[in-house]
Amino acid sequence: MITVADRFVLRWAVVGDAALLVALTVAGFVTHSTLDATWRLFVTSLGALTAWALVAPWFGVFSTEVLTRPRGVWRVAWAWAIAAPVAGFLRAWVLGVDVSATFILVTIAVNGVALVTWRAVYAGIQQRRS
């Protein structure tokens with residue numbers, strides 16, 4: 001049975017993941033001076049969020065073990081390593097462009113490090129709270 005506390009921890013992990021992925025997408029567009037390309041920004045963000053929603057549960061990244069113990073955060077890296085190419089293919093398909101290996105590799109690295117760092121900090125906070 002999922003407790004109210006577990007729901008709270010899960011809810012903020014999902015919100016944090018989504019906010020981070022969107023913020024990183026915006027940062028990428030700012031870095032490339034393409035922030036005015038709102039359709040591409042939307043599609044890229046939605047692709048990352050959709051891929052994460054589809055892949056992450058298979059790796060147990062929303063389990064209590066991962067959400068409350070920093071040692072379990074390695075699963076986030078593996079999940080993102082699979083989700084990033086899915087996001088890249090979704091983005092390419094919707095925009096009608098070729099899949100960019102460079103885009104996928106950079107996304108794996110940058111978003112992966114950011115997701116793992118965020119989740120490690122979050123799990124550490126949750127571990128101290130319990």
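**Exercises on a predicted model**

α2 and α4 each supply at least two residues of the nonpolar patch. The model used in these exercises is predicted.

**Exercise 1.** Find which residues make the nonpolar surface patch, and which helix gives the largest share of the patch.

*Solution.* Step 1: list the members. W39, F42, L46, W93 and V94 make a nonpolar surface patch of about 610 Å². With three residues, α2 contributes the largest share of the patch.

**Exercise 2.** Decide whether F42 and T38 are buried, partly exposed or exposed.

*Solution.* Step 1: place the residues. F42 lies in helix α2, and T38 is in helix α2 as well. Step 2: recall the cut-offs. Exposed means over 50% relative accessible area, buried means under 20%, and partly exposed is in between. Step 3: apply them. F42 has a relative accessible area of 46%, so F42 is partly exposed. T38 has 55% relative accessibility and therefore counts as exposed. T38 is 12 residues from V26 in sequence, and their C-alpha atoms are 9.9 Å apart in space.

**Exercise 3.** Describe the largest pocket: its volume, its lining and the elements that contribute to the lining.

*Solution.* Step 1: take the volume, which is about 500 Å³ for the largest pocket. Step 2: turn to the lining. The largest pocket is lined by 21 residues, and L24, G28, H32, F103 and T107 are the closest to its centre. Step 3: name the elements. Two or more lining residues come from each of α1 (4-31), α2 (38-55), α4 (74-95) and α5 (101-129). Step 4: sort the lining by type. There are eight nonpolar, 11 polar and two charged residues.

Methods: Residues numbered from 1 in each chain as written. Predicted model: local features only at pLDDT ≥ 70, side-chain atom pairs only at ≥ 80, totals over all residues. Heavy atoms only, no water. 1 Å grid on protein atoms, 1.4 Å probe; cavity = no way out; pocket = protein on both sides within 12 Å on 5 of 7 lines; lining within 4 Å. Points joined across faces, edges and corners; volume = space filled by probe spheres on them. Helix = DSSP H or I, 4+ residues; strand = E, 2+ residues; numbered from the N terminus. Nonpolar A, V, L, I, M, F, W, Y, C, P; charged D, E, K, R; others polar. Buried < 20%, exposed > 50% of the residue type's maximum accessible area, 1.4 Å probe, protein only. Patch = residues over 30% accessible without salt bridge, like charges linked within 9 Å, V, L, I, M, F, W, Y side chains within 5 Å. Areas by Shrake-Rupley, 256 points an atom, 1.4 Å probe, with all protein chains shown as cover. Salt bridge = Lys/Arg side-chain N within 4 Å of Asp/Glu carboxyl O.
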